[in-house]
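Me: Before we rely on any label in this model, I would like each one set against its definition. Could you take me through them?

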Amino acid sequence: MSNLKLGVEVVSAHNLMPKDGQGSASAFVELHFDNQKFRTTTKEKDLNPVWNESFYFNISDPNNLSNLNLEAWVYNLVKTTNSKSFLGKVRLTGTSFVPYSDAAVLHYPLEKRGILSRVKGELGLKVFLTDDPSIRSSNPLPAMESSVLTDSHRTQAQGPVQQVQNIVQNMVQGAFSNDKAEARHTFHHLPNTNVPQQQHPAAMSQEPGRFGADQMRAEPQGSRIVRMFSGSASQPLDYQLKETSPILGGGQIVGGRVIRADKPASTYDLVEQMHYLFVRVVKARDLPTKDVTGSLDPFVEVRVGNYKGITKHFEKNKNPEWNEVFAFAGDRMQSSVLEVVVKDKDMLKDDIVGFVRFDLSDVPTRVPPDSPLAPEWYRIANSKGEKNNGELMLAVWYGTQADEAFPDAWHSDAASHHDSSAAGSSYIRSKVYHSPRLWYVRVTIVEAQDLVTTEKTRFPDVYVKAQIGNQILKTKPTQARTLNPLWNEDLIFVVAEPFEDHLMLSVEDRVGPNKDETIGRTIIPLSALKNVLSKKDKKDKFASRLRLCLFLEGGYHVHDESTHYSSDLRPSLKQLWLRTPSIGVLELGILNADGLHPMKTRDQKGTSDTYCVAKYGQKWVRTRTIMNSLSPKYNEQYTWERPENWKVRIRISTLETGRVYTHTYPLLVLHPNGVKKMGELHLAIRFSCTSLMNTMLIYSRPLLPKMHYIKPFTVMQQDMLRHQAVNIVAARLSRSEPPLRKEVIEYMSDMDSHLWSMRRSKANFFRLMSVFSGLIAVGKWFGEVCTWKNPITTGLLDEEFDSFPTSRGSELVRMRYDRLRSVAGRIQTVVGDVATQGERFQALLSWRDPRATTIFLVFCLLVALVLYITPFQVLALVAGFYHMRHPRFRGRLPSAPINFFRRLPAKTDSML
């Protein structure tokens, strides 16, 4: 039987709704989980009660933990009628439960029970998992009898010993009584008054607790994974994808198929339709003055219930033009009246110029592709109701997120409490970005001629330093006994359009240790690089010369993300894109997130301001920022043209054409103590194929452009160039509005994937073991039959003769460690590549890529027919001539079978 329990500490509540008619409330909390119910003591006449009481629930089925919910209901005790009134509730999903070491007191905002409920305040809880056998679950609460609610007040005055005696007596009576009415008793948990019991009991034990089937021992620098189920599955159930059946704009999704609804389908058919009240404030005219000076600094305040949006203000302008749009979420509106107020900006208090009111029941509904609603002039009324204070041009309508005004509008669910202006919302609204087009610049340093040095008694020890922006490369020093040194070295840089930087070249002479002297310098603007064939000095004076060749390498693809899951592999030169036609359209619907962890504290409660970023090719998209929500609803849809590449985080080649995939994806993040789930993201994805023939031909084409095979880069060059490319993209997109932060781009581009990591090495090793698990099993069986064991081979290192622990200096040990990391990083890459090849072969047999498997079966059928018809001698003769063909007939591009195999999916894109 599993000892896994759920611990809940009810800490306190804050700013509760008064319910007793005297401006106060007598609050208590009911906890519901897995058909168990507990209750705290009652705090009389306190809108900010403090309990500090702990409860422990038994978890009957740890495998089903992710489907269980913890509910905390806050009630007010009504003594006169022996009843309870609702104050609010908190609902937590099983995916958000963490071990005790990671748990913290979080203040959750209270939710409504229904539309008519009046709720405010928050509840402080600490929720955690433990399987310490020394902890016993709390006594269950069989029934909530109103007559026994008042008993909690009397038990608070009793001592701990008397409370224990009462609880034991109630348990005995409840166990042996035959009368059900008399057997109902309330079992209260002991309050933690002055007893130091806030520490977790497992902390007092010598043996650390266990979670599920895996031990959670705090080993230094070791990863730790909490599994919510028993067994030895390779992936925790809580980390797996979960298929859903939501009702979207096109209908309900069942098994990837759309069940059409009676209403017409929307253009945003991959997201849930969200209704908004749109208010477009265009301009005003003939506004009256409010100041003694006769000036007016007008702005407009749009209010619906507790939400308000503010336009920018104009100084000394009676006829301002704003042309700003405000969108109020339909599910959050708590008023039936829309107020548009024109105010005069003042230092102390803003003066009201006038207002316009709308009854929301009279507002029309607009459904695209209908034309935009034409704005109208409305007379502004003053506080007395007189409409002689100028006019305001407005347009008010109901719509959805498919409205063209939605992306640039101010949103009530994305508005900050500190800044309700439309100008401030521009930093948190949705946006589409495009990465700059990147190029490689090859600088070939040939030689220098007629160098002039300050010291005539020696030959210079010179090298060339080249710099573009923050990229600095140097040639190797040459110690030729001449003033005309020769290098013939290539220096590769990454640049972005438009070419605003300059190429700065300098010839340096190493005159001493860590001391260089500049012999000469030249600057070449990259904007004129296409027209520069050679650089000549003036002929009227003597000068040293530097021979070099400059190339804009348009035949390469500049990698700004890892090759394993790159989403764009087209070359830099657009003229070569004609060879990579579009094969379809990729559509993504970002629905919502659930179970997010609070990342900040605002108003003494935990909350998060979240947005979602997606990338495919050069197109980045960012949803609007949802403020103060741990379960944000985005419901935004985006579309990409599908070029000829196949490797993305969500692998497109494994998607069926026309099917809608709706899943919740776990949000995982790496911490020093292991992988931690931060919530779930709900997505809808659809791939529509426009050309089946082009799709099949893609498998025979090389994955990279032709230049990568004709003149390939070294591994060191690829890592260095990719690092520079990511820095350029991050610098460019961080200057957009709203900015896309550098750490977001580096995280999504997996900037440090080439560095050595014990976690990645271990994961690659297990991938390799999984691929060869069948052969390993056969080998073990054969060894047991023959009673033969393979000897263990050990390798000798230079450090083998050193003592343990080492007796060398810290610098030498650091050098050994850095060298070990470098070698281990290469071994990690090799192991991963070998595992990738085996996984590709397994994917071919498991129909993970149905198109590739179909092509493979058709190819096998044709090969079988050829082998059946053609004699073996003829096949051997043809194969011999083919492999012995002249180099003139050999191409540098990989063959079609190799291209086909490299496009098969692997588990590389699933690694963090």
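**Labels and their cut-offs**

Reply: Arginine 257 forms a salt bridge with glutamate 656, and their closest N and O atoms are 3.5 Å apart. This is a predicted model, in which local features need pLDDT of at least 70 and side-chain atom pairs count only at pLDDT 80 or more, while totals for chains, interfaces and linings use all residues. Residues are numbered from 1 along each chain as its sequence is written, and side-chain values use heavy atoms, with hydrogens and water left out.

Me: Why is the pair of arginine 257 and glutamate 656 called a salt bridge?

Reply: A salt bridge is a side-chain nitrogen of Lys or Arg within 4 Å of a carboxyl oxygen of Asp or Glu, and the closest N and O atoms of arginine 257 and glutamate 656 are 3.5 Å apart, so the pair meets the definition.

Me: What makes this pair a tie between parts that are apart in sequence?

Reply: Arginine 257 lies in strand E14 (residues 257-259), whereas glutamate 656 lies in the loop between strand E37 (633-642) and strand E38 (660-671), so the pair ties together parts that are 399 residues apart in sequence; strands here are DSSP runs of E with at least two residues, and helices are runs of H or I with at least four, numbered from the N terminus.

Me: Why is arginine 366 called buried, while glutamate 404 is called partly exposed?

Reply: Buried means under 20% relative accessible area, exposed means over 50%, and partly exposed is in between (1.4 Å probe, protein chains only). Arginine 366 has 7% relative accessibility and therefore counts as buried, whereas glutamate 404, at 44%, counts as partly exposed. Glutamate 404 and arginine 366 also form a salt bridge, with the closest N and O atoms 2.8 Å apart.

Me: What makes the count of disulfides 0?

Reply: A disulfide is a pair of cysteine sulfur atoms within 2.5 Å, and a search of the whole structure finds 0 disulfides. Cysteine 612 is buried, with a relative accessible area of 12%, whereas cysteine 549 is partly exposed at 33%.
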